[in-house]
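Reader: Could you take me through one part of this protein in detail? I would like to look closely at its pockets and what surrounds them.

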Amino acid sequence: MRSILKANWDSNLPIYEISQYELQKEGIHCLLLDVDGTLINRKSTKIPKAVKNWITDSKKLFSLYLISNNPSKKRIAKIANELKLKYKYNASKPRKKVILNAIKEVNYEVKSIAIIGDRIFTDILVGNRCNIKTILVKRLKRDGLPIKFNLTLTIEKLISLFIK
């Protein structure tokens, strides 16, 4: 049995290098996207061009939905409006309630939904708890490039080795 803290795909890539073709090959039709760290640095308000381009291309192939733990409706709404995507803020991941509501709203079978995020104990854990595919990506810096060393993720990976 696979650990609830293990991603289906630990990509070691920033989101904008995730292959849409690979996602389609896996039967994915809907993507739930974490915001802070995954699409944009949490201390920034500027969405990187590479992320915008990836979102634009992905919208042609998938249903996209932003899911954020950030409690600022203003911040997440601004990002969602700029990307022209539906969103949920203050999601309290890894709690399932908001994710299950989003799954119900998008109306896809769970086997065709994936969550993409940069944190094991929030994004990956809630995705596994909701029986959707999970994709771990690298956290972004303010300049939009992936961070080279992520201490939080390293600690989460170490802890996850001891939890089933």
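Author: Happy to! Let's start with the largest pocket, whose lining residues divide into two nonpolar, six polar and ten charged. Here Ala, Val, Leu, Ile, Met, Phe, Trp, Tyr, Cys and Pro count as nonpolar, Asp, Glu, Lys and Arg as charged, and the others, Gly among them, as polar. This is a predicted model, where local features need pLDDT of at least 70 and side-chain atom pairs count only at pLDDT 80 or more, while totals for chains, interfaces and linings use all residues. Residues are numbered from 1 along each chain as its sequence is written, and side-chain values use heavy atoms, with hydrogens and water left out.

The largest pocket has 18 lining residues, and Asp36, Gly37, Arg42, Asp118 and Arg119 lie nearest its centre. A pocket is an open set of points on a 1 Å grid over the protein atoms alone, where a 1.4 Å probe fits, with protein on both sides within 12 Å along at least five of seven lines; lining residues have an atom within 4 Å of a point. The space in the largest pocket comes to about 360 Å³, a volume being the space filled by probe spheres set on the points, which are joined across faces, edges and corners.

Next comes the second largest pocket, with about 220 Å³ of space. Eleven residues line this second largest pocket, and Leu5, Lys6, Ala7, Ser160 and Leu161 are the closest to its centre. By class, its lining has five nonpolar, two polar and four charged residues.
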